[in-house]
Amino acid sequence: MSKYIIVNADDFGYNAEQTRAIRELYRDGRITSTSLMAVAPGAEDAARIAREEKIPVGVHLTINSDSEAQRWQSRTRGRSLSDDRGLRCSQIQVALHARRREVAVELEAQYAFLIGNGCCVDHADNHCGTLYGINGRRFYWEAYRFCARHDLPYRFPKSPAFIERQLRGRVPGLVYRLHRHIVSVGEQLGVRELDDLVSNPQSVESIGDYEHLRRWYLDAVDQCADGVTEFFLHPAYPIEGDPGWQKRVWEFQLLRSGDLLQRAQERGIRVISWGEFREMSSIH
C-alpha cells in the first residue's frame, strides 16, 4: 500500500477572517482542499471566491449553529431544524428536534446553494459531527444517501484511530460497534470513505502554545498509516474577544509555514486533493 494525505481547511465562509486565511492558503499551495459552509454569514462571499478562483470545495453539511449569540439560518428553514432564532446549537437539541426527512432536504439545499453559485463540489463532510451518530440519531443514513446521489466521497474514516485520538484512547466498546456499523452503511451505498482522519482535539488551554500544536501535527504525519488520511484544520486570522480563536490562528500559522507539507514529502507521503481521491479507481 501507499500513503496519501489530504490537507483540508474547514469552515470556508465562517467569517471574513477565516475566508481570507483559506483563500491565501489555497493560492499559495499550502492546502489541497477546503469545505464551504452554506449556512454561515460569509457563504456568499466564499462561494464567489471559489467560483472566480476555481477553488474546488466540499459541502460542509451543517445542521447546527456554533453559538447562541449568533445563530445561523438553515437553507430550508425546516421547522424541526430551527427555532425562531435559527439553527439550534447543542447536539442534544438537534437530536431532540430534528426530523430525518427535513435533514435530508436541508442537505440537498446546501448542495444546491453551492452548485447554484458555480462552485465545483468534490466531497462532503460535516460540521460538529451532527451527522455521525454521536447524538444518538441515525442522520448518517441521510448523509450517505446524499453522497451516493451526487457521487461524492464522504469524510468518515474506516479506521477507528480517529475516535481513539479524539477520546485519548478511552473508547467504549459500543462506540467501536457503532463505528463499524456506520462504515458498513457507507460501503453498502457505494460511498467512498477515508482510511483515517486527523484533527487536533485539544483546547487552547491544553495546547499551551504554537510549538506544541506544531509538534502534534508533525508527529501525526509521522504516524500516518497506509491509505488516504485527511488532515483538517480551521485556519483563520485573529479576531478580538474570543480566546479560543487562538487555536485557529496557530493552525493558520502552521499551514502557512509549509511544515506539514514538507514533513509529508520527507516521509514519502503523497499529498492529494479530494478531487484526486474521488477520481482514483483504487488507492492500493
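## Aromatic pairs

Tyr132 is buried, as is Tyr154, where buried means under 20% relative accessible area with a 1.4 Å probe and protein chains only. The two residues form an edge-to-face aromatic pair, at 6.1 Å centre to centre and with 75° between the planes; rings of Phe, Tyr and Trp (its six-membered ring) pair if their centres lie within 6.5 Å, and planes under 30 degrees apart count as stacked, over 60 as edge-to-face and the rest as tilted. Because Tyr132 lies in the loop between β6 (121-126) and α5 (140-150) and Tyr154 in strand β7 (residues 154-157), the pair ties together parts that are 22 residues apart in sequence.

Tyr217 and Phe231 form a tilted pair, 6.4 Å centre to centre with 45° between the planes, and both residues are buried. Ring pairs also link Tyr132, Tyr144, Tyr154 and Phe156 into a cluster.

## Basis of the model

This is a predicted model, in which local features need pLDDT of at least 70 and side-chain atom pairs count only at pLDDT 80 or more, while totals for chains, interfaces and linings use all residues. Residues are numbered from 1 along each chain as its sequence is written, and side-chain values use heavy atoms, with hydrogens and water left out.

## Overall fold

The chain has 12 helices and 11 strands, taken as DSSP runs (helices H or I, at least four residues; strands E, at least two) numbered from the N terminus. Of its 284 residues, 54% count as buried, and the C-alpha atoms fill a box of roughly 50 × 45 × 40 Å along the principal axes.

Terms used
Buried < 20%, exposed > 50% of the residue type's maximum accessible area, 1.4 Å probe, protein only.
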